[in-house]
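Biologist: Could you take me through this model feature by feature, giving the general idea before each case?

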Amino acid sequence: MHKNRLFALYIFLFLLLLSLAVRIFFMQFIKGESYQQLARENTIRKIPIRSERGEIFTSDGVILVKNAVYFKLSLLSFEMENYPAVLSAINRIVPLSKQETGAIIRALQQNTLEPVLVKDMLDYETFCRLAEIKSDYSGIYLEAQPVRDYPLHEIGCHFLGYDGLVTEEELEVLPKEVYSAGDIVGKDGLEKFYDLSLKGVKGASRIQVDVAGKMTASVGTVFPKQGNNLVLTIDSTVQKAAEKALKEAVLEVESKNGEKSGGAAVVIDANTGEILAMASYPAYDPNFFARGISQKDYDVIIKNRATPLLNRVIHGAYPCASTFKLITGSAALQQGLLSENDYFYCSGAYNLDGHIFNCFVTSGHGAVSFRDSIAYSCDVVYYMLAVKFPLDIFLKYISEFGIGERSGIDLPGENGGLLPNPKWKKKVYKEDWYPGDTVNLSIGQGFVEVTPLQVARFTMAVANGGFLYKPFIVKRVLSPEGALIKTAEPEIEHTLSIEDRYLNVIREGMRGAVLYGTATAANSPNVEVAGKTGTAENFPTPENPYGRNHTWFTAFAPYKKPEIIVTVFLEKSGGFGGEKSSQVARKIFESKFKSAKN
C-alpha cells in the first residue's frame, strides 16, 4: 500500500514537472519572440508632437490664417532626481508662484510617465535661456508649439473661427480613432467645419526607459504631418471694404442712439454662390483664443451685450421687412394676380375687415405703378396682393426662395430662420391663422424670420433669372505640398417656377429704387446698382428697450448683367433702410468694381 502511494506521488511529480517543461518550452520557443516584443514595447514611451494646422488663404492669395511658433516647457518625472532644484532653476527664467510650483510637484509625483506641463506660449528668447540650463538639469523637456496666427486680426473672424484645446464633451462625440486628449480642435467657423482637413496628423518622440522609469535611449521620432490648406472664395479687397463700411455705420448708429448695436454684410457671386465677403460687427480678435485667452478677457467678450462672437450673417434671424416684397411681387406676377403695367392707389392705409394696416408713408403714395411700388416700397400694394393669394400657394412660392431653410453653406451652426404657417401658429400660439397674418407676411413682418444670407440668396435668384445656388466659402483644398485635393463647384439647389420676364419687372423696380426711390444713397457713378430697402418694425424688448427698427438693403450689380449680390443689415438703426444700409452697400460695390477696373 505504501509503495502504491509513493508510486502515485512520483507520477504526480513527473506530470507536474512535465507540464512545467512544456509551458517553459511553449513560452521560450513558441511564444518567445512575441513576449520579447511586448517587453520591448513596455519600455517605450511616446511623447506626442503637435502637428501644424493647414493655412487659409483668400482667393487673391492673401493669407488669413497661418502658424506661429511658440515653445512649451514640460518636465519628465522619470528623468528628474531633484524636483526643487530643477524648479528653482526654471523659476529664475520663468517665474512660478508657490501655488504653481506645488501643483507641478504633485503632478510629477502622480504622473511619472507623461510630460507635466509647466508653461506654454513661451517666446524664442525664453526658449533659448531654458535651453542653456537643460544640460545641467535632467528632466527639462522643450517643445516647439505651433499656434494659430491671424495676421489681419478681426478681419474675417466670424467665418474663420478659432481653435482651442479639445474638451471632454467634444471627445465624446468626435471620432475616437482621430481625436484624443490634448488635441487642438476648431471651435467655430471654418476652423471647426473643416477641422478634419486642417488638423494634420500628430507625431511622437519615442524613448526607451528602464524598470525605474529612467530614459535609457531615444528610439526615434515620427514627425507630424501638417494639415491641408484652404483657398477661399473671399476677395480680400471686398472683405476689407465690407468690414470697414459696416463698422463705421454701426459706430455711427451707436453714437446717435446711445446704445450698443450691430450689423452684417454679405457679398455673394450672383452666378455661382461663391461668398466674396462676409462681415459681422462687433467683431473679435481670434488671436486671443489661439494664444490662450484669460478668463477675465473671455468674460469681457461673453458679457458684451452686443454679442461679438455672433456671426449675424448666418446665426442671426430677423424680420425680413420690405426686402420680402421681391418675393411677394414676383409670385403675384407669376400667379396672375396683376399685370406688370397695373396701377394701384395708396391712401396711406389698407382696411381689412375693420383692421387698419398702415403704409410706411402714412400720407399715402397716391396712384403708383407696380414697378414704382418696389422703388418707393409702398406697403398698401402688397397688402392688396396678399389677400388675393390662396395661402398654400403663397407659402409654396415663398419656400421656393429658400425662406425657412438652411442654405447649406460650409460653416457650422447656420440658422434656418422661420417660415410661419397655420400649423406652426396653432402649435406655438394656440391661435388660428388670420388674413391679417398673410397681410403682414406680404411685407416681411409678423412671424417670418430670415438671416442676412437668406436675403442675399433670394436676391440672387431674382437677379440671375431664378437660380438658387448653394452658397460656399471654400473653393479649393490643397495638400501642404500644394497638390489639389478637392475643388468646390457651383451647385444649383433649386430653380424658381417664376418666369424670368416677371423677375425682370422686379429688377426694373429695384433699379428705380436706386435711381429715384428709397435707395438713392446706393447710387454709384462706378456701377449701375439695383436694390431694395427694408425697415423691420420692432416693439420694445429687454434687448431693444426703445423698440428701434432694424434696416436692410439688398442689391445686385451691374444692373444689366448681374455679377454680385450685396446684402446689408443694421440692427436697431431706426429710420428707414435707405439711410444707412444702402450707403454701406454702395461702398462695397465701389470696392469691387473699382478694383475690377484697376
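**Cores, a helix and some loops**

Modeller: Let us begin with the interior, where a nonpolar core is a set of buried Ala, Val, Leu, Ile, Met, Phe, Trp, Tyr and Cys residues joined through side-chain atoms within 4.5 Å; in the largest such core, which has 97 residues, Phe159, Leu232 and Phe370 touch the most other members. Helix α19 (residues 452–464) gives this core its largest share, 8 residues. Another core lies apart from it, with 31 residues, among them Leu246, Ala249, Phe589 and Phe593.

Biologist: Before going further, what should I know about the origin of these values?

Modeller: This is a predicted model, in which local features need pLDDT of at least 70 and side-chain atom pairs count only at pLDDT 80 or more, while totals for chains, interfaces and linings use all residues. Residues are numbered from 1 along each chain as its sequence is written, and side-chain values use heavy atoms, with hydrogens and water left out.

Biologist: With which residues is phenylalanine 370 in contact, leaving aside its neighbours within four places in sequence?

Modeller: Contact means heavy atoms within 4.5 Å. On that basis phenylalanine 370 is in contact with Gly329, Leu333, Leu338, Glu340, Asp342, Phe344, Val381, Tyr382, Leu385, Val505 and Ile506. For the chain, 71% of the contacts with a separation of 6 or more are between residues 24 or more positions apart.

Biologist: How many residues of α19 are buried?

Modeller: Buried means under 20% relative accessible area, exposed means over 50%, and partly exposed lies in between (1.4 Å probe, protein chains only). Helices are DSSP runs of H or I with at least four residues, strands are runs of E with at least two, and both are numbered from the N terminus. In α19, 13 of its 13 residues are buried, and of the 598 residues of the chain, 51% count as buried. The secondary structure of the chain comes to 21 helices and 23 strands.

Biologist: What does α19 span, and what follows it?

Modeller: The expected span of a helix is 1.5 Å times one less than its number of residues. With 13 residues, α19 reaches 18 Å from its first C-alpha to its last, close to the 18 Å expected, and the residue that follows α19 is glycine 465, whose phi is positive, near 100°.

Biologist: Which residues other than glycine have a positive phi, and are they buried or exposed?

Modeller: Aspartate 353, in the loop between β14 (349–352) and β15 (355–358), has a positive phi of about 50°, and aspartate 353 is exposed, with a relative accessible area of 69%. Serine 377 has a phi near 60° and belongs to the loop between α14 and α15, but serine 377 is buried, with a relative accessible area of 4%.
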